[in-house]
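Trainee: I have a model open and would like to walk through it. Can we take it in short questions?

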Amino acid sequence: MVDHRIEIKMKKIVKAQQDFFNTNATKEVSFRIEQLKEFKRILKTNENLLNKAIYSDFKKSAFENYTSELSLIYHDIDEAVKKVKRWSKVKRVKTNLANFPAKSYIIPEPLGTTLIIGAWNFPYLTSLAPVVAAMAAGNTIILKPSELSPSTSGVMHKLISNNFNTDYFSVIEGGIPETTELLEQKFDKIFFTGSVPVGRIVYEAASKHLTPVTLELGGKSPAFVTDTCNLKMTVKRLIWAKYLNAGQACVAPDYVLVHKSIKDKFLELAKTEIENAHFSIENDNYIQIINEKNVKRLMNIIDNKKIYCGGSSNLSERYIEPTILENVTFEDEIMKEEIFGPILPVIEYDNLDEIILKVKAQPKPLACYIYTEDRKTKNKLLQEISFGGGAVNDSNMHITNTKMPFGGVGNSGTGSYHGEFGFKTFTHYKGILEKPTWFELNLKYFPYTSKKLRFIKLMLGQK
Ligand code: NAD
């Protein structure tokens, strides 16, 4: 049932933003730079508040909040401040012969009023990194953070509404009713980070208004641990990447495909690596599962017979021990959906071609990680498997390089962002042909004659 108060509120906010956009204020590059600088200042001066809020949501430490969220947002802002003038420049391009004499150029223009929907797992990064891109590109912004991380949602609402004109940038808190009502409105762009099922809802709602969307979704990202890898380094990097954020990361290696000949050694080293990491919420090396519902979901997909190490949990503490499962097959329950938690299934393989086919039979993943020192193996995997992005001999870290696009493909998403790719995502490129009036070739005009056609063909270099 439609709640008319929510409906009226959403309509009012969107209308106010559209009116503000129509003043053309956001089109000035100087305005955008000012807002970006102000945004960074607000975040920097309130870092303690941001740390406290994220700790209250799932006991994420200040260390991890800085390294995996805030530092990346600061970097994005700095890069945008430095380069937005260049990114927004009108670009001259060559004019084709059929239009001679004329000039041709591309005008990057902001899309307008945008909606950004964030996820809870990296609540600042998934909400605010798209905001930086939208701001740099000159749009107005409505941000809807996840209600599942209420403290971070609350602090973003407080800081942004206290410091920004809501006609330009506002935060709307809430869950499904608020998001559903927001999605009824006409936006010029929707940027969504979250799960595949909700991604479908967003896509469908956007289609009613033909609103362009970027969907940053998830999936089951594989890690190939081949017999040609540096095993010690592989284990070190993989274990860090899997258990960071207690596995609640869209780019986390979801499962490992390990060559039969090194499987036992891999398991042994992985267990030791977990022990040496001293994963514990008390010492800030680990975080809570976001809610009890997810603890139950995760504990339900563990097959006790397959536990190699870990497997214990505490519901009220929302804790799940870093867990490794062995002898897993693609038919197991754990392989049916994205895990999004600290459980690592290990699947053994013998033949690379056969295992590639199994991976290709799954929906296209957001990431893929290839551990090998062998060039041929690396190239084979890179060429044969389609995925959003990934790394060779590392995991997760590709997202920190803003010179590369970050986004999924197929089921793991559509569109990308980070650095200039983010700017492009929130920009329309308007192609303009500008002609002088002192000259006109009469070839294209009526009446058509065979002589004109011969000329046209000659001009276009065709027979
Ligand atoms: P989610 O899809 O449950 O929620 C995301 C957002 O959608 C939230 O703001 C939520 O309020 C809203 N929402 C939820 N149900 C809705 C509905 N029925 N109608 C309208 N809006 C609704 O996702 P989540 O649990 O917050 O995040 C986990 C998922 O996000 C995982 O699949 C993960 O892989 C993915 N993720 C992807 C990226 C990426 O950059 N590709 C980053 C982080 C998380």
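Predicted model: local features only at pLDDT ≥ 70, side-chain atom pairs only at ≥ 80, totals over all residues.

Trainee: What share of the residues in the chain is buried?
Mentor: Buried here means under 20% relative accessible area. The chain has 463 residues. The buried share is 51%.

Trainee: Of the contacts with a separation of 6 or more, what percentage joins residues 24 or more positions apart?
Mentor: A contact needs heavy atoms within 4.5 Å. Take the contacts in the chain with a separation of 6 or more. Residues 24 or more positions apart account for 70%.

Trainee: How is the chain divided into domains, and how many Å separate their centres?
Mentor: Domain 1 covers 4-217 + 414-428, and domain 2 covers 222-407. The contact takes 26 residues from domain 1 and 25 residues from domain 2. Taken over C-alpha atoms, the centres are separated by 30 Å.

Trainee: Why does the span of helix 2 agree with expectation?
Mentor: Helix 2 runs over residues 29-45, which is 17 residues. The expected span is 1.5 Å times one less than the number of residues. That gives 24 Å, and the end C-alpha atoms are also 24 Å apart, so the two agree at 24 Å.

Trainee: Which residues of helix 2 are buried?
Mentor: The cut-off is under 20% relative accessible area. Charged Arg32 is on the list, as is Gln35.

Trainee: Which elements do the buried residues of helix 7 pack against?
Mentor: Start with the buried residues of helix 7 (176-184): Glu178, Thr179, Glu181, Leu182 and Leu183. Their partners include three strands: strand 3 (113-117), strand 4 (140-144) and strand 6 (189-193). The helices they pack against are helix 1 (4-21) and helix 8 (196-208).

Trainee: Where is the cis peptide bond that involves Pro101?
Mentor: Pro101 sits in the loop between strand 1 (91-93) and strand 2 (103-110). Omega is about -5°. The bond joins Phe100 and Pro101.

Trainee: Is Asn245 buried or exposed?
Mentor: Look for Asn245 in the loop between helix 9 (231-243) and strand 9 (255-259). Asn245 has a positive phi of about 60°, though it is not a glycine. Its relative accessible area is 1%, under the 20% cut-off, so Asn245 is buried.

Trainee: What about His418, buried or exposed?
Mentor: His418 is in the loop between strand 17 (413-414) and helix 14 (419-425). Its phi is positive too, about 95°, and His418 is not a glycine. With a relative accessible area of 10%, which is under 20%, His418 is buried.

Trainee: How do the lining residues of the second largest pocket divide by type?
Mentor: This pocket has a volume of about 200 Å³. Its lining includes Ala98, Phe100, Leu441, Ile456 and Met459. Lys435, Glu440 and Lys444 also line the pocket. The division is 7 nonpolar, no polar and 3 charged.

Definitions and conventions: Residues numbered from 1 in each chain as written. Heavy atoms only, no water. Helix = DSSP H or I, 4+ residues; strand = E, 2+ residues; numbered from the N terminus. Buried < 20%, exposed > 50% of the residue type's maximum accessible area, 1.4 Å probe, protein only. 1 Å grid on protein atoms, 1.4 Å probe; cavity = no way out; pocket = protein on both sides within 12 Å on 5 of 7 lines; lining within 4 Å. Points joined across faces, edges and corners; volume = space filled by probe spheres on them. Domains from an automatic or database assignment.
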